[in-house]
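Hi everyone, thanks for coming.

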Amino acid sequence: MSVTEAHRLERWLDKVCTAEQAVQSIKSGQRVFVGTACATPTTLTNALEARNPAPDDVELFHFLTTNMLPVVDGKPTTKYRHRTFFVGTEMRELVNRGLAEYVPVSLLQVPALIVSGRIRADVALVQVSPPDEFGYVSLGVSVDMVATAVRYAKRVIAEVNPNMPRTLGESFIHISKFDKLVPVDSPVAEFLHEPLDELAQQIARYVAEIIEDGSTLQVGLGRIPNEALKYLTNRKDLGVHSDVITDAILGLIDAGVVTGARKSLHPHRIVTSYCIGSKRLYDVVNNNPLFKFLPIEQVADAGIIRQNTKMVSLTQAFSIDLTGQVCTDQFGGQFYGGVSTQPEFLRGASLAENGKPIVCLRSTTADDSESCIRPLLPVGEGVTIARSDVHYVVTEYGIAYLFAKSVRERAIALIEIAHPKFRAQLLEEAKKLGYALPEQKLDTLRPYLIEEERTVSLKGDRQVLIRPARSSDAMGMKEIFYQLSKDDVYTRFFRRVNALSFNEAQRLCNVNFDTEVAFVAVTGMRDNEQIAGSCCYFLNPSTNLAEVAYMIAPEWQATGLGGALQKRMMEFAKKKGVRGFVAEILAENTKMIALAKRACDNVKVHMEDGMVEIVMIFD
């Protein structure tokens, strides 16, 4: 502590004492709040654990904690009961041994529970910065619910640490509010995510693909959402409105990606409630007006979150069932993590203009023995997020969009992003549950080929996204069919038909991307795509030639879409080593004949009985 800081404390010498003296005021039967995460007041908690004899029936309540407890024989231990809103590494052992109870409640609700007295705060143990010349300390890296606990606890004891960053926003408390002050001089606890494996990085890349320029981000504590930030360096004017920030944000700040210039709420400011990370992060937030630390109820309320346009919320889950119910705090009967603020952020993002709530998870358990996409959530995996609040779901096998979709549509979309070795089993279970039609098939066993997506400009300044087709596009194929005129249907299917069966629609999109390939051209956002056209090819292995077919919605005909689809399919086919295309076209379909002839230089045409066969040999 500097000479100046020590001098300022001298005005409050009657409050200054050692940690051992401070915790002597904690009496039997009291309820003690403990500060959050990297601001956990470990000197005070260790002194409390060292009391001998310990006061009876003392209960500690807290959110995420760091190094709060002494370790005996490699395990954290305690003399007191704990109620925790988050089961982190330190608490997991205590919960399993019955020494701590997990309280599955949103962090947003905790301040109101403290104010009302439903959660009694007799004493609050916190860590703060030294006072300024006006006598105000900063709550530093953890404002969250600490601000409320300090204001409403009957007695407040603070570690005063010169290493605690002085964060700006609503983090200031006058020193007169504290009953005891314990000077400490130790580094603020640091936390860094462990490196992720390739599967998790693939999930992170898919997540990043959904995020647009000008989005405002909430990332949470999950490793995968934090990893996704690494893939956003080519975005522009991102903003941050998040319960927590970590070191992952620093690269985007350094690259000029996070500017907050397009934020509709608190523009040009990074809004958060607490941070965990390295000393570098703490140095960056120290006295930096770019960052605005607010109490959790001012950050995580859905009504506030929704005021951010293009709000993106990222949640990491343990499991999801085929209807979209999500578990984020339990797996195999064991509690991990907590509710935190995820339900509010997902709901707030869903209500925001152009918002995107995203849930991400691995498709399997760490040992690949079980699918994390379940037919039904089993006993021991409770619902944290209701199916009605789920929009985007991302695994290493692709992206599914569930909101406002039927149970059957949800089930197929989720099975498509499950691990291939579990897809057949999931489909059979879905059929038994009535979640899939008996004739439903799934032919592709590969991840969604997001790298094959292309945005294409057409005539009239129109744009479409040409992407690999999915089994779940079958209903979109049927919609195009019913837009076609009778003549268009005849030229496309070579016969007069009034309906397109589900099996026929599946054949146009449910393909293996080896010998069968299909692309669709779509408009609109991923959450409300409309199919404008489709193309597919079916390879004859004996000739290495593929038969091609196209279907274009009437309003997109004569825009160049057919040519764009043909070009996209040819690019894909050439990479796969396909020798060429074969198209059989009715003689009166002059537009499609002209399109096929333009495919490449080596084109052979043969006409017989009103049919034109065109063979296109690639260079």
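So, in what order do the eight strands of the open sheet come? The order is 27-28-29-30-31-32-34-33, and the pairing is mixed.

Before I go on, some housekeeping. This is a predicted model, where local features need pLDDT of at least 70, side-chain atom pairs count only at pLDDT 80 or more, and totals for chains, interfaces and linings use all residues. Residues are numbered from 1 along each chain as its sequence is written, and side-chain values use heavy atoms, with hydrogens and water left out.

When I say helix or strand, I mean a DSSP run, numbered from the N terminus: H or I with at least four residues for helices, E with at least two for strands. Two strands pair if DSSP finds at least two bridges between them.

Angles here run from 0 to 180 degrees between N-to-C directions, and axes are lines fitted to C-alpha atoms, for helices over the stretch in contact.

Zoom in on strand 32 (residues 580–586) and strand 34 (residues 611–617): they pair in the antiparallel sense over seven bridges. Look for Ala583, which stands opposite Ile614 in strand 34.

What packs on the sheet, touching strand 27 and strand 34? That's helix 18 (residues 561–575), which also touches strands including strand 28 (462–468), and its direction makes about 40° with that of strand 30. Then there's helix 15 (residues 474–483), lying across strand 29 (516–523), strand 30 (530–540) and strand 31 (545–552), at about 105° to strand 30.

Now a helix pair. The axes of helix 13 (residues 407–416) and helix 14 (residues 420–433) come within 10 Å and cross at roughly 170°. Helix 13 and helix 14 are therefore roughly antiparallel to each other (under 35 degrees counts as roughly parallel, over 145 as roughly antiparallel, 65 to 115 as roughly perpendicular, the rest as oblique). In contact, meaning heavy atoms within 4.5 Å, Ile412, Ile415 and Glu416 in helix 13 meet Arg423, Leu426, Leu427 and Ala430 in helix 14.
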